[in-house]
Structures are given as C-alpha cells and as structure tokens.
Amino acid sequence: MDLDPECRELGMHKRNKHVCDQESHTSSRVCEKCRYIFDNWSPATDEYDQDHPYAEWRHWGNILAFKDAASKGCHLCILFLSQFEESEIEDAEGAMRNDEMDTLSVLAQCEPMTQSATRRSGQGCWSLTLTLPLSDGPALSMLSMSPSFVALEPYADFSTSTMAKPVLQVAKSWLGDCIRSHSACRPSQHGPNPTRLIEVGTDGPRLILWAGICGPISYATLSHCWGSLKILRLVKSNFTQLQQKIPLDELCQTFQDALKITEEVGISYIWIDSLCIIQDDPEDWNREALQMAVVYGRSSINISASKATDGSMGLFASRNPKSVERLQVCLDWEKWDTFPEVPDPLGDICKGTLYDCAPLFMHKRCISESPLGKRAWVLQERILSHRSLHFSSQLFWECKERTACETFPGWLPGILRWKDGNIEAEDNLEHWFAIVWLYTRCKLTFTKDKFVAISGIAKSLQERYHDEYVAGFWRKDLERQLLWYSTRPTTRPSPPRAPSWSWISTDSAVNSHPAAEYRPYLIKVLHVKIIPAGNSVFGNIRHGVLRIRCGYLIPFTLGSKPTSINSHRQIFSGGRMFSISLVFMWDYIEAEEYSGQLYLLSACRNRATGVTGWYWGYVLEPTSLEKGQYRRLGTFESVSDAKETVEQRLELENSPQYKAPDSAYAELVPNDEFGKKQFVITLI
C-alpha cells in the first residue's frame with residue numbers, strides 16, 4: 001500500500017476500507033498495530049468457535065511506544081489511552097524504567113458482547129480490551145464496537161476545551177430540542193416555588209426572593225461538590241448585601257462558570273445551594289433541604305460539575321479533540337458469501353458491517369463514577385431533574401427522552417448507556433430498591449443528613465407509589481422490604497439516627513435480600529409508629545417502632561468465629577451446640593463480637609428447595625426496656641439441605657426447650673391457620 005510522506009513518517013496507514021472518521025469521509029490515521037487488528041480481523045476470529053468468536057493480537061511492546069502512537073494521532077490509541085488513570089500510566093512507566101517486570105506488553109483482544117456477535121452474522125456488539133500490565137495487576141481499557149445504523153453527523157469543530165463556542169452550541173441545541181419536542185421533560189408546576197434564586201444579569205448577579213418576581217420564570221440549578229474549598233455562602237450577616245449584588249470575584253470558579261452557562265442558554269435565574277439556603281440558620285436549612293423535590297423538579301435544566309472535586313476546578317475541561325470525535329470502523333465480512341452487503345452511509349467505502357468504536361464505560365465514568373456522581377446529595381439532584389447537562393471530559397445530556405454526548409449528539413448507543421441498577425423498573429419496590437442500592441454506595445460528608453439527602457426523591461415518588469413513607473421504606477409490602485442486609489458492616493452510629501430495622505441506621509452499603517421475593521412471609525407488620533424530629537416524616541426521625549406478629553423466637557449465643565471466610569458459624573441454644581450452616585450478615589462490626597443472648601426470628605422460607613426449605617430472618621438483641629422489645633443486629637440465612645444439618649435445624653425449630661418462653665414476647669395472639677402459636681414483638 002502506498003503511503004503519503006506524512007503517514008510514512010508517523011508509521012501510520014491511511015484507511016483503505018476499514019476505518020472512517022468524521023471529516024468529509026477522509027481517512028482516520030491509525031498506527032500499524034491498530035491497523036493490523038482490523039486487517040486481520042476475519043482470519044483471527046475464524047480460528048475460534050463461530051458462536052463465540054474471540055481473538056487476541058499483540059499491540060505495542062511498552063507504554064512509551066503506546067503513548068507515542070497516541071501522540072502522533074492514532075485515533076484508536078487515543079481512545080484507549082483516555083480510559084487509563086494518570087496513576088496507572090505512571091505505574092507502567094515506572095515499572096518499565098526500573099525493570100521490575102520481565103516483560104511489558106500491551107495486548108488487544110476482541111470478544112463478543114452479545115450472543116448475536118457470531119462471525120457469520122457480524123451484527124452483534126464487540127469489545128476491544130487493551131491490557132496494560134502494572135506492578136499490582138493489569139489495568140484494562142475497554143472500547144465497544146456496536147453496529148452503526150446512523151450516518152455520521154455533519155463534521156463538528158471539536159475543540160481542545162469544553163468551553164468553546166461550538167461545544168456550547170451543542171448544549172443549546174439539546175435544550176432547545178427538548179423544550180420544543182419532549183413532553184415528558186416539562187418541569188413540574190406543582191407545589192411551592194424555591195424561596196430564593198440568583199438573578200443572572202448584566203449588572204452582576206444578585207440574590208432575589210421568589211416572592212419579588214412577577215409572572216412565570218425559568219431557572220437553572222447547579223450540582224457541585226463542595227469539597228474542602230471555602231466558598232462564598234449565604235449567611236445571616238451577608239443576606240442583605242447579596243440581595244444588592246454578589247461579588248463575582250468572590251465566587252469560586254464553578255459558580256462563575258455556572259452563571260456563564262445559565263446566561264449562554266438563555267435563562268435568567270439559577271439556584272445554587274450554598275447561596276440560596278442560609279447556611280448558619282438551622283431552621284432555614286432544615287426547611288429548604290426538604291424542598292429539593294420542588295427545587296430540582298421545577299428546574300428548566302440542571303448543570304452538573306461532574307469532573308470537579310471542589311469549586312476551584314470549574315465546569316470546563318481541556319481534552320484531546322480526537323478523544324471526543326466519533327470513530328467508525330468497517331469490518332470486511334465479504335469472504336463469507338452467506339453475509340450480505342450492508343448499505344454504507346459513507347458511500348462505497350466498505351462491504352460488511354460499519355461499527356461505532358467508543359469507550360465502553362464513557363457514560364459511567366463521566367457521570368456515575370465521576371467525583372460528583374459519588375455524592376449522595378447529587379444522586380437525588382440527578383433523579384429529580386428533568387434535564388441535566390453534565391460537564392466532564394465532554395458534555396453529556398440526559399433528559400427523560402434522550403441521552404446524548406458530543407461524540408453521539410443525536411443519541412448515545414444503548415451499549416454505551418450505563419444503567420444504574422434497576423432504576424428504570426416499573427415495579428415500585430424494585431425501583432425503590434435500585435435507588436437505595438445506589439444511594440447507600442454514595443458518600444455523605446455528614447451522615448446525619450442520610451434521611452434528608454434522599455427526602456426529595458421519596459417526596460416525588462409518594463404520588464407515584466400512592467403509599468406511606470416510613471423511615472426509608474414504603475408501608476405496602478413492608479415485610480418484603482425489611483429483608484435488607486449490609487454488604488460491608490461499619491461501626492454502629494452513635495447516637496442512632498434511625499430505628500434499627502431501617503437501612504438508614506447503618507453507614508454500610510445495603511442490598512435487598514433475594515429471599516424477599518419468596519412468599520408467604522413468616523412475619524406480619526401489624527402497626528408502624530414514626531415520630532419525626534421535625535414537621536416532616538421525610539426528615540430526621542426521633543423514634544420508630546414496628547409491631548410484628550411472628551412465630552417462635554429461638555434464643556442463642558454465638559460460637560467461635562469461623563476460621564475461613566466460607567465456613568459457617570456455630571451457635572449455642574439450650575446448653576447445646578448446633579452446626580446448622582447459618583450465615584450471619586451483620587449490620588454493624590460490633591455485632592460480630594456480641595457475647596450476650598440473641599434471638600433468631602425466621603422471616604421467610606423458600607419452600608421450592610424441599611420440605612425443609614432455606615430460611616432467612618433477623619438476628620435480634622433484647623432492649624431490656626420493655627417486654628418483647630428488640631433491636632435488629634443483622635440477618636441470618638440457613639443455606640444447607642444436608643441431612644445432618646436439616647435434622648439439627650428441625651430439632652432446634654420444633655423442640656420446646658429451644659424456643660423462647662412466653663415472657664420473651666410483648667403479647668400472645670391466637671394461633672395461625674395451621675394451628676401454630678403466634679406472638680407479637682416490637683422492633684425499635
């Protein structure tokens with residue numbers, strides 16, 4: 001193949017019929033290592049099982065050669081390189097300099113991401129994984145290759161910065177299209193208005209009261225990380241001053257950039273938490289913090305400073321334009337006569353399948369795993385907002401009807417869109433569990449805010465659920481929701497912020513137990529009593545009590561800790577040791593060392609596994625405050641159907657000497673329909 005002088009000097013090939021880029025159908029330059037992958041794609045994948053094609057090629061021999069290829073313009077290497085952390089690059093360079101590794105190589109491999117990605121169909125989604133060996137294990141950079149069914153958008157002037165005019169024009173077009181065409185994205189007009197806003201004007205920004213605004217208005221909101229930076233805040237002493245004018249030079253860079261974007265998209269007002277809530281007035285803070293459903297639900301657009309860890313970093317980012325440009329790859333499948341030619345939107349460039357090649361986790365990394373996306377308050381802001389504009393290494397747009405970015409301004413391909421758990425579930429409880437799953441994995445600077453920082457979501461969902469909110473749960477089907485467990489127990493908060501039966505009582509990430517789907521439940525919540533600390537059940541709680549009908553409690557004490565992570569803990573009951581394959585999932589670290597008497601309360605059973613079934617339930621400690629009153633310490637799971645285990649378990653469940661006496665319960669109630677004794681206990 002003839003090379004032009006520039007390409008020959010760079011060691012790169014112009015595209016023949018494999019790689020296409022944005023600019024007027026001209027070639028995208030790729031290095032010889034990346035070129036080899038696509039030139040040898042068909043023969044390589046042909047060597048493996050046709051239903052599960054997989055291939056691997058050796059890439060550049062070391063990190064410096066890899067970086068050099070990227071610096072010389074290889075589009076694929078630039079995309080690969082953009083997915084590594086700076087610390088990973090430094091590690092690889094250090095390992096090579098210090099000769100700490102026998103070999104340092106970069107490997108590219110390809111494997112199907114869907115069953116349909118067979119060598120004969122060519123229509124599935126593929127991944128390209130570049131493996132970078134490091135001192136403590138390999139780092140991976142993954143690109144997706146998904147069939148492109150849409151022609152490249154007109155060439156855009158991708159800039160070295162997200163603050164460039166063409167970039168902001170894309171943002172304005174997203175907002176304009178959404179306002180004109182997306183009925184599902186119209187901000188809510190229900191409920192009260194935000195108390196205060198910041199007016200963005202030619203005379204400089206100033207704090208205004210909503211009551212002083214005539215007629216309907218549109219406003220933006222800002223999501224940002226406070227960090228450790230001292231920023232200008234609204235306090236009692238500067239309230240009057242900020243109503244006159246907010247000094248621009250006293251605002252952090254993120255706030256200045258947010259004002260600029262607000263004005264750029266044609267909006268005159270913005271809400272910023274630190275400037276619209278009186279920070280040294282607890283009464284004002286508590287009242288306003290519970291209004292987030294209104295503030296973000298009525299916002300015309302939410303501006304997210306996704307990449308910034310504090311206000312000094314601003315909204316805008318510098319980047320290599322190639323890391324944002326859309327790269328298309330055409331795989332030549334014509335050697336198999338069973339595969340038809342695919343119409344090519346670029347003309348007679350290739351016969352085969354045209355693929356969009358992009359970082360697989362670009363959406364996840366830029367939003368969900370960004371510094372901002374890890375904050376608990378921000379999860380609420382993102383969910384409540386009808387439209388969000390995320391500022392990261394490139395701009396991302398999210399509304400109820402579209403997810404897009406600069407690389408894919410029309411629509412982000414489904415394979416690239418990161419779905420946070422089951423957050424789009426139609427079932428109310430699955431939807432709520434998905435939110436709780438995400439929320440408990442986010443960070444809170446002040447854990448005392450755990451109720452308040454999710455209150456806006458709970459408020460907004462109450463109308464959808466038609467249900468009563470109770471300490472992080474919903475009253476309907478509460479028995480199912482109570483089977484949550486901590487994934488990694490933490491220290492028990494002191495003083496307690498929530499009743500022990502609520503997931504808000506722990507600082508751990510939590511999951512909903514799979515057993516929660518099994519019915520019938522062996523408990524019944526008869527009554528719930530919530531005493532809020534303020535005027536709202538969505539805020540902090542002073543006291544929460546469950547009154548539960550249940551079967552027998554089994555008193556026990558813990559045996560010695562298991563010697564291996566996969567072994568089960570023995571228990572002592574009625575003076576006897578039992579090995580019944582119990583797995584304990586503690587809510588707090590301290591519970592694992594508990595030396596006093598505890599109680600097992602079975603909550604549900606999976607009858608499908610046999611007559612005995614597998615049991616799940618709660619580990620309770622008596623409060624000694626009232627008869628039949630307990631606190632939750634964790635959950636247990638009985639997971640074995642081995643003969644010896646089953647025999648011991650049946651003996652423990654059915655023999656009177658192992659059952660708690662009547663004095664352990666708050667109340668005795670009539671037997672159930674099967675003639676089994678029933679009791680009432682209370683959980684606090």
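**View A. Cysteines in the predicted model.** A search of the whole structure finds 0 disulfides in this predicted model. C276 is buried, at a relative accessible area of 0%. C604 is likewise buried, with a relative accessible area of 0%.

**View C. The aromatic pair W174 and W397.** The count of aromatic pairs comes to 19. One of them is W174 with W397, a tilted pair at 6.2 Å centre to centre with 35° between the planes. W174 belongs to helix α7 (residues 165-181) and W397 to strand β16 (residues 395-399), so the pair ties together parts that are 223 residues apart in sequence. W174 counts as buried at 2% relative accessibility, and W397 is buried with a relative accessible area of 0%.

**View D. The aromatic pair F316 and F391.** F316 and F391 form an edge-to-face pair, 5.8 Å centre to centre and with 80° between the planes. F316 lies in the loop between β12 (301-304) and β13 (327-332), whereas F391 lies in strand β15 (residues 387-391), so this pair ties together parts that are 75 residues apart in sequence. Both F316 and F391 are buried.

**View E. An aromatic cluster and two lysines over rings.** W432, Y465, Y469, W474 and F538 make up one aromatic cluster. The charged end of K364 sits over the ring of W418, 4.1 Å from its centre. The charged end of K448 sits over the ring of W285, at 5.6 Å from its centre.

Conventions: Residues numbered from 1 in each chain as written. Predicted model: local features only at pLDDT ≥ 70, side-chain atom pairs only at ≥ 80, totals over all residues. Heavy atoms only, no water. Disulfide = S-S within 2.5 Å. Buried < 20%, exposed > 50% of the residue type's maximum accessible area, 1.4 Å probe, protein only. Phe/Tyr/Trp six-rings, centres within 6.5 Å; stacked < 30°, edge-to-face > 60°. Helix = DSSP H or I, 4+ residues; strand = E, 2+ residues; numbered from the N terminus. Lys NZ or Arg CZ within 6 Å of the ring centre and 35° of its normal.
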